[in-house]
Amino acid sequence: MANPCKSKEEIANEAIKHALIALRKRHLNEEGAHAPAFAALSRPIASQGSEWKDKAESLQVELQQCYKAQSRLSEQLVEEIAESKALKALIHEKEAAMIDLQKELTEVRDECSQTKMDLEEKIKALEVLVSENKELKAQLEQMTIRATNAETENKTLVDRFMLEK
């Protein structure tokens, strides 16, 4: 049973080692399975001459080469499986990072939308204040005109009053 404290990479390396050991055992078992056939073939070959013996030896060499090639291919397969697992883990990491970035983007978009709405509200409030300011300026101008007119009228009345005295 795997130790839960081990990293995924350690677990993968142990699995690869285990697979290589299993392949080597299988290779030895397959060689052992063919041993009786080699023994049986070697007896008649000895009696039939060197031609058969040479053919058997060449076939045996060819069979050993096939086993070696199979062993190399098996090891290569194990390595490629480990590499594909590592790439798969990397893909999962990238997908997780992408999901996090998408969440962050959504949050920033929401924040931007809220800021835009706040800005629009402030612009509307500013427009109301500007229109009120214009109204107050117009009223001030009217009051200034009235005050000026009243002042002029007062001067005229004071001048008349002084002239009448």
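Guide: A pocket is an open set of grid points with protein on both sides, and its lining residues are those that have an atom within 4 Å of a point. Please keep in mind, as we go through this structure, that the model is predicted.

Visitor: Which element supplies the largest share of the lining of the second largest pocket?

Guide: That share comes from helix 2, which contributes six residues. Helix 1, covering 8-48, and helix 2, covering 50-164, each supply at least two residues of this lining, and the protein chain as a whole has two helices and zero strands.

Visitor: Which residues line the second largest pocket, and how are they divided by class?

Guide: Among the lining residues are Lys8, Glu9, Ile11, Ala12 and Asn13, and the list also includes Ala82, Lys85, Ala86, Lys88, Ala89 and His92. Sorted by class, this lining has five nonpolar, two polar and four charged residues, and the space in the second largest pocket comes to about 250 Å³.

Visitor: How does one look for empty space in a structure?

Guide: The general idea is that a probe the size of a water molecule, rolled over the atoms, shows where empty space is left. In this structure, a search of the whole model finds one cavity of 30 Å³ or more, and the volume of the largest cavity is about 110 Å³.

Visitor: Which elements give two or more residues to the lining of the largest cavity?

Guide: Those elements are helix 1 and helix 2, and helix 1 gives the most, with six residues. The lining includes Leu20, Leu23, Arg24, Arg26, His27 and Glu30, together with Tyr67, Gln70, Ser71, Ser74 and Glu75. When these lining residues are divided by class, three are nonpolar, four are polar and four are charged.

Visitor: Let us turn to the surface. Is Leucine 126 buried or exposed?

Guide: A residue counts as exposed when its relative accessible area is over 50%. Leucine 126, which is found in helix 2, has a relative accessible area of 51%, and therefore it is exposed. Leu126 also forms a nonpolar patch on the surface with Leu129 and Val130, and the accessible area of these residues together is about 280 Å².

Visitor: What percentage of the residues of the protein chain count as buried?

Guide: Of the 165 residues in the protein chain, 4% count as buried. The chain exposes about 14,800 Å², and 60% of that area is supplied by carbon and sulfur atoms.

Note on methods: Residues numbered from 1 in each chain as written. Predicted model: local features only at pLDDT ≥ 70, side-chain atom pairs only at ≥ 80, totals over all residues. Heavy atoms only, no water. 1 Å grid on protein atoms, 1.4 Å probe; cavity = no way out; pocket = protein on both sides within 12 Å on 5 of 7 lines; lining within 4 Å. Points joined across faces, edges and corners; volume = space filled by probe spheres on them. Helix = DSSP H or I, 4+ residues; strand = E, 2+ residues; numbered from the N terminus. Nonpolar A, V, L, I, M, F, W, Y, C, P; charged D, E, K, R; others polar. Patch = residues over 30% accessible without salt bridge, like charges linked within 9 Å, V, L, I, M, F, W, Y side chains within 5 Å. Areas by Shrake-Rupley, 256 points an atom, 1.4 Å probe, with all protein chains shown as cover. Salt bridge = Lys/Arg side-chain N within 4 Å of Asp/Glu carboxyl O. Buried < 20%, exposed > 50% of the residue type's maximum accessible area, 1.4 Å probe, protein only.
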